[in-house]
Amino acid sequence: MPTITSITTRRLFGLLSRPWAPDVTGNHVIVVTVELSDGVQGTGFSWTPAIGASSIEAMLRDELIPRAIGADAEPEALWHELWLAVHEAGGGGVTSIALAGIDTALWDARARRSGQNLASHLGQVRETVPAYGSGINLHYSTAELVAQNLRFAEAGSPAVKIKIGRPDLGDDLARIRAVREAIGPDIALRVDANQRWNLAQASTAVEALADLDIDWLEEPLRADDSLGYRELAQRSAVPIAAGENLHTAYRFAELLEHGALAVAQPNVVRVGGISPFLEIAALAQRHGARLAPHLLPELAVPLALAVPHVECVEVVEGALLHEQGILAGGSPLAIADGAARSTAELGLGLSFTTDSPSASPTAPTEGARP
């Protein structure tokens with residue numbers, strides 16, 4: 001088994017074509033490159049949309065990289081070893097996001113060593129996976145919202161997702177009806193409240209949504225309100241989805257075992273990388289939950305091609321890595337007619353630019369351990 005001889009990191013910042021919020025104009029990507037004793041190199045990344053990039057870099061530099069140097073380049077075993085070493089600083093969040101950089105880089109190296117891309121290395125079982133159109137669009141006018149979802153529909157998307165959670169629930173309902181009328185009855189319509197409600201508000205909302213043919217209601221409550229999710233799932237005729245802010249397999253297991261999630265949505269980076277994602281996928285399958293990864297299709301698509309339980313992947317307009325200008329080569333994905341496939345030749349197929357294409361809110365840094 002080759003060992004890790006060096007790990008380097010560098011931060012990039014890619015601008016979104018349309019900000020997700022006044023203070024979310026782009027995404028931070030911390031590129032992680034591992035060098036192994038057999039000469040193989042792997043590149044992965046950590047990611048955060050708005051805050052925490054410096055903290056993630058510090059966790060890598062001060063805690064994870066020193067422990068990883070000299071270790072066997074076996075991503076699953078090393079992930080658990082590193083998580084046990086740092087989990088007292090937080091079981092998830094900065095710790096798991098930082099871990100994802102090393103884990104994805106090691107998976108890239110492993111697939112490259114085998115002469116395969118990630119999907120093939122994991123045992124690819126299908127050529128494409130459904131890709132649905134998603135928008136960060138709560139601040140859009142109704143006309144803008146309808147126009148965006150018509151673009152998704154015209155591009156062949158099998159489903160669309162819109163944000164809800166305006167101060168007046170009536171506004172949400174009117175916007176949902178406008179989108180449904182525009183896209184027609186055959187495209188699945190999903191809604192995302194982004195943790196804006198308490199249990200009483202969410203209970204009122206699920207009653208109002210019950211007759212609107214909603215495919216799932218995403219994050220109606222704070223992500224850490226496990227008891228609330230259990231109670232809401234018992235009251236709701238609309239399937240409840242969550243997971244983008246659950247950072248460990250333990251949290252997913254807790255909600256799945258109590259029937260609180262109909263749709264599990266792990267974010268590959270936030271849960272710590274490919275190794276824990278595969279564990280969570282197995283949990284979702286065991287409990288009969290749908291599995292729909294949150295964002296980052298550059299990682300989610302190759303996983304979905306090898307994990308048949310993945311139902312779909314999310315594609316947010318303007319948020320692909322190559323659209324943000326941080327890839328030196330093209331995208332490792334092709335998306336057409338509502339389906340995504342991997343075009344990577346080796347590993348993850350990601351080649352990052354050497355410089356940020358736009359000014360970062362904080363200066364990029366570089367760290368390394370020889």
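**View 1. The largest nonpolar core of the predicted model.** Of the 116 residues in the largest nonpolar core, those touching the most other members are Phe-45, Ile-102, Leu-209 and Phe-352. Helix H3 (residues 94–113) gives this core its largest share, 9 residues. Another core, of 7 residues, lies apart from it and includes Ala-159, Trp-216, Val-263 and Ala-292. A nonpolar core here is a set of buried Ala, Val, Leu, Ile, Met, Phe, Trp, Tyr and Cys residues joined through side-chain atoms within 4.5 Å. Buried means under 20% relative accessible area, exposed over 50%, and partly exposed in between, with a 1.4 Å probe and protein chains only. Helices (H or I, at least four residues) and strands (E, at least two) are DSSP runs, numbered from the N terminus. In soluble globular proteins, nonpolar side chains tend to be buried together.

The model is predicted: local features need pLDDT of at least 70, side-chain atom pairs count only at pLDDT 80 or more, and totals for chains, interfaces and linings use all residues. Residues are numbered from 1 along each chain as its sequence is written, and side-chain values use heavy atoms, with hydrogens and water left out.

**View 2. The whole chain, for orientation.** The secondary structure of the chain comes to 11 helices and 14 strands. With a radius of gyration of 20 Å, close to the 21 Å that the globule rule gives for 370 residues, the chain is as compact as a globular protein of that length. The radius is taken over C-alpha atoms, and the rule is 2.2 Å times the number of residues to the power 0.38. The C-alpha trace spans about 60 × 40 × 40 Å along its principal axes. Of the 370 residues, 56% are buried.

**View 3. Helix H9 and its surroundings.** In helix H9 (residues 249–257), the buried residues are Ala-249, Phe-252, Ala-253, Leu-255 and Leu-256. The buried residues of H9 pack against H8, S8, strand S9 (263–264) and helix H10 (274–286). Contact means heavy atoms within 4.5 Å. Just after H9 comes Gly-259, with a positive phi of about 70°.

**View 4. Two loop residues with positive phi.** Glu-219 sits in the loop between strand S7 (214–218) and H8. Its phi is near 40°, a positive value in a residue other than glycine. At 1% relative accessibility, Glu-219 is buried. Leu-296 belongs to the loop between strand S10 (290–291) and helix H11 (297–306). Phi of Leu-296 is near 45°, again positive in a residue other than glycine. Leu-296 has a relative accessible area of 6% and is therefore buried. Most residues other than glycine have a negative phi.

**View 5. Ala-205 in helix H7.** Ala-205 is part of helix H7 (residues 199–209). Its relative accessible area is 1%, so Ala-205 counts as buried. Leaving aside neighbours within four places in sequence, Ala-205 is in contact with Leu-169 and Trp-197. Val-268 is 63 residues from Ala-205 along the chain, and their C-alpha atoms are separated by 29 Å.

**View 6. Ala-237 between helix H8 and strand S8.** The loop that holds Ala-237 runs between helix H8 (226–235) and strand S8 (240–242). With a relative accessible area of 66%, Ala-237 is exposed. The C-alpha atoms of Ala-237 and Leu-305 are separated by 30 Å, the two residues being 68 apart along the chain.
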